[in-house]
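Q: Could you take me through this structure feature by feature, giving the general idea before the particular case?

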Amino acid sequence: QVQLVESGGGLVQAGGSLRLSCAASGRTSSTYAMGWFRQAPGKEREFVASINWGGGTSYAASVKGRFTISRDNAKKAAYLQMNMLTAEDTAVYYCASNRAYLLPEQSSLVDYWGKGTLVTVSS
């Protein structure tokens, strides 16, 4: 099984920034697609961003221009730089990975999940 461990969540003021990290271990590969979903209380888990092994990226419209996803294939790690945060960004953020070139945007199709890290944006 693949293990994904997130870090970097916390409390931040609106307009501020946070950087999330995801470390992969176990039976994983540096070629697996990686990305991030988030889930706010009472809402469905939603796609945030993804990156493939070659560096190609995809973003949800709600975060495009504010968030940047990156990865280090040698370290088997993914990162999410979040800027210009608003209260609507408050959620538990989950690292995700698929044993494929692309990470799906439908959460039910994701192969592996981290346990999540809480991001709280105060106004």
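Q: In what sense do E4 and strand E5 pair, and over how many bridges?

A: Strands are DSSP runs of E with at least two residues, numbered from the N terminus, and two of them pair if DSSP finds at least two bridges between them. Here E4 and strand E5, which covers residues 46-51, pair in the antiparallel sense over 5 bridges, and within that pairing tryptophan 36 stands opposite alanine 49 in E5. The two strands form a hairpin with 6 residues between them, and glycine 42 in its turn has a positive phi of about 75°.

Q: Before we continue, where do these values come from, and how are the residues numbered?

A: The model is predicted, so local features need pLDDT of at least 70 and side-chain atom pairs count only at pLDDT 80 or more, while totals for chains, interfaces and linings use all residues. Residues are numbered from 1 along each chain as its sequence is written, and side-chain values use heavy atoms, with hydrogens and water left out.

Q: Is strand E4 mostly covered or mostly open, and which other strand pairs with E4?

A: A residue is called buried when its relative accessible area is under 20%, exposed when it is over 50%, and partly exposed in between, as judged with a 1.4 Å probe and protein chains only. Strand E4, residues 33-39, is mostly covered, since 6 of its 7 residues are buried. E4 also pairs with E9 in the antiparallel sense over 7 bridges, where methionine 34 has serine 97 of E9 as its bridge partner.

Q: How should I read the order of strands in the open sheet of 4 strands?

A: The order lists strands as they lie side by side, and here it is E1-E3-E8-E7, with antiparallel pairing. Strand E1 (2-7) and strand E7 (67-72) stand at the edges with a single partner strand each, so one side of each has no neighbour in the sheet. From one strand to the next the twist averages 15°, where axes are lines fitted to C-alpha atoms, for helices over the stretch in contact, and angles run from 0 to 180 degrees between N-to-C directions. Within this sheet, strand E3 (residues 18-26) and strand E8 (residues 77-82) run antiparallel and are joined by 6 bridges, and leucine 18 has methionine 82 in E8 as its bridge partner.

Q: How many disulfides are there, and which cysteines form a disulfide?

A: A disulfide is a covalent bond between the sulfur atoms of two cysteines, and it is counted when a pair of cysteine sulfur atoms lies within 2.5 Å. The count by this rule comes to 1 disulfide, formed by cysteine 22 and cysteine 95 with their sulfur atoms 2.0 Å apart. This pair links distant parts of the chain, with cysteine 22 in strand E3 and cysteine 95 in strand E9, 73 residues apart. The torsion about the S-S bond of cysteine 22 and cysteine 95 is about -80°, so the disulfide is left-handed, and both cysteines are buried.

Q: How many salt bridges does a search of the whole structure find, and which residues do salt bridges that share partners join into one network?

A: Side chains of opposite charge can pair when their charged atoms come close. The rule for a salt bridge asks for a side-chain nitrogen of Lys or Arg within 4 Å of a carboxyl oxygen of Asp or Glu, and a search of the whole structure finds 4 of them. Glutamate 46 forms a salt bridge with arginine 38, their closest N and O atoms being 2.8 Å apart; glutamate 46 counts as partly exposed at 36% relative accessibility, whereas arginine 38 counts as buried at 6%. Arginine 38 also forms a salt bridge with aspartate 89, with the closest N and O atoms 2.9 Å apart, and this pair links strand E4 to the loop between E8 and E9, 51 residues apart. Aspartate 89 in turn forms a salt bridge with arginine 66, where the closest N and O atoms are 2.8 Å apart. Arginine 66 lies in the loop between strand E6 (57-59) and E7, so its pairing with aspartate 89 ties together parts that are 23 residues apart in sequence. Through shared partners, salt bridges join Arg38, Glu46, Arg66 and Asp89 into one network.
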